[in-house]
Amino acid sequence: MYKLANNADYRTTMSTSTPSVRRTSRPRAHVAQSPLEPAVARYQQVKDFIASKIQDGTWRAGDRLPSESELVTQFGIARMTVNRALRELVEQGRITRTAGVGSFVADEKPQGNLLQIARLSDDIRRRGHDYRCQIVTVERIAAPLEVAAALGLHTGESVFHAVCVHLEDGVAIQLEDRFVNPRMVPEFMEQDFTQEQPSDFLVRTVLFDQMEHVVDAVLPTREQAELLQMEPSQPCLLLTRRTWMREVPITLVRCLHPGARYRLGSRVRTDGNAVTS
């Protein structure tokens with residue numbers, strides 16, 4: 001059965017080697033430092049320089065960044081140090097890189113709402129982007145202990161299970177792993193999910209009066225990373241949601257998002273209601 005990974009710490013090991021310094025007569029974009037300072041300070045300077053240009057609007061989404069060679073000359077540091085800075089900016093979702101073409105400012109990451117259950121397909125299309133859903137599996141299974149406990153069922157009792165991948169402009173942004181209580185949605189397996197994906201069907205047809213959201217930082221399994229078109233070493237945001245109607249559990253869903261491609265957040269009023277744009 002398809003399982004999500006347990007929470008895992010995500011740590012970046014920083015190099016402490018001393019970089020080679022290229023002498024140049026051109027003015028540099030940083031304050032001169034001692035040759036004994038670690039390489040991490042130099043690559044962080046490059047990252048901060050690029051991030052500040054993006055932050056203040058000097059460079060906008062789609063703008064081409066200076067080449068590696070130009071940054072090497074500008075900062076007077078080794079190419080591998082510049083490469084590390086650019087690589088980490090890619091992992092953080094700030095820029096994109098195309099072999100033989102260059103580096104570009106990335107589009108702003110889409111943001112999911114923590115206070116409401118929104119239709120992901122509508123959010124993507126509202127941004128003017130293409131939405132697609134890949135159905136991985138839809139099945140009836142015996143509920144494992146964790147799922148049974150979450151849905152108020154007995155271990156081994158029948159439960160509906162669906163896994164799908166949501167894509168924005170062909171890029172995977174969410175892996176949805178969903179369990180549905182057959183007592184609450186008995187018609188779930190009768191649907192044609194090639195026409196309407198599971199979450200849209202549930203939002204449209206199933207009433208609920210309570211929901212719970214829990215967010216964790218995790219590393220994906222190899223299977224999950226493959227479905228999300230990412231490396232297993234890259235961190236993800238895991239949103240676990242449960243819904244109820246009159247105290248009876250309806251669904252348990254785990255939504256796994258590549259951290260570099262997605263973010264979660266909400267804006268609320270002092271009365272607790274979400275602010276809609």
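## Salt bridges

The side chains of Asp 123 and Arg 126 meet in a salt bridge, with 2.8 Å from N to O (a side-chain nitrogen of Lys or Arg within 4 Å of a carboxyl oxygen of Asp or Glu). Because they are three residues apart in helix 4, Asp 123 and Arg 126 are separated by about one helical turn; helices are DSSP runs of H or I with at least four residues, strands are runs of E with at least two, and both are numbered from the N terminus. Arg 126 counts as exposed at 62% relative accessibility (exposed is over 50% relative accessible area, buried under 20%, partly exposed in between, with a 1.4 Å probe and protein chains only).

The model is predicted: local features need pLDDT of at least 70, side-chain atom pairs count only at pLDDT 80 or more, and totals for chains, interfaces and linings use all residues. Residues are numbered from 1 along each chain as its sequence is written, and side-chain values use heavy atoms, with hydrogens and water left out.

A search of the whole structure finds 11 salt bridges. In one of them, the closest N and O atoms of Glu 157 and Arg 183 are 2.7 Å apart. This pair links distant parts of the chain, 26 residues apart: Glu 157 lies in the loop between helix 5 (145-151) and strand 5, and Arg 183 in the loop between strand 6 and helix 6. Glu 157 is partly exposed at 22%, while Arg 183 is exposed at 52% relative accessibility.

Helix 6 spans residues 198-205, and its buried residues are Pro 198, Ser 199, Asp 200, Phe 201 and Leu 202. These buried residues pack against helix 4 (120-126) and strands 4 (131-142), 5 (158-168), 6 (171-180) and 9 (248-258), contact meaning heavy atoms within 4.5 Å.

Phe 160, Phe 188, Phe 193 and Phe 201 form one aromatic cluster. Rings of Phe, Tyr and Trp (its six-membered ring) pair if their centres lie within 6.5 Å; planes under 30 degrees apart are stacked, over 60 edge-to-face and the rest tilted. The whole structure holds six aromatic pairs. The ring centres of Phe 188 and Phe 201 are 6.3 Å apart and their planes stand at 55°, so the pair is tilted. Phe 193 and Phe 201 pair edge-to-face, at 6.2 Å centre to centre and 70° between the planes. Phe 188 is buried at 0% relative accessibility, as are Phe 201 at 3% and Phe 193 at 8%.
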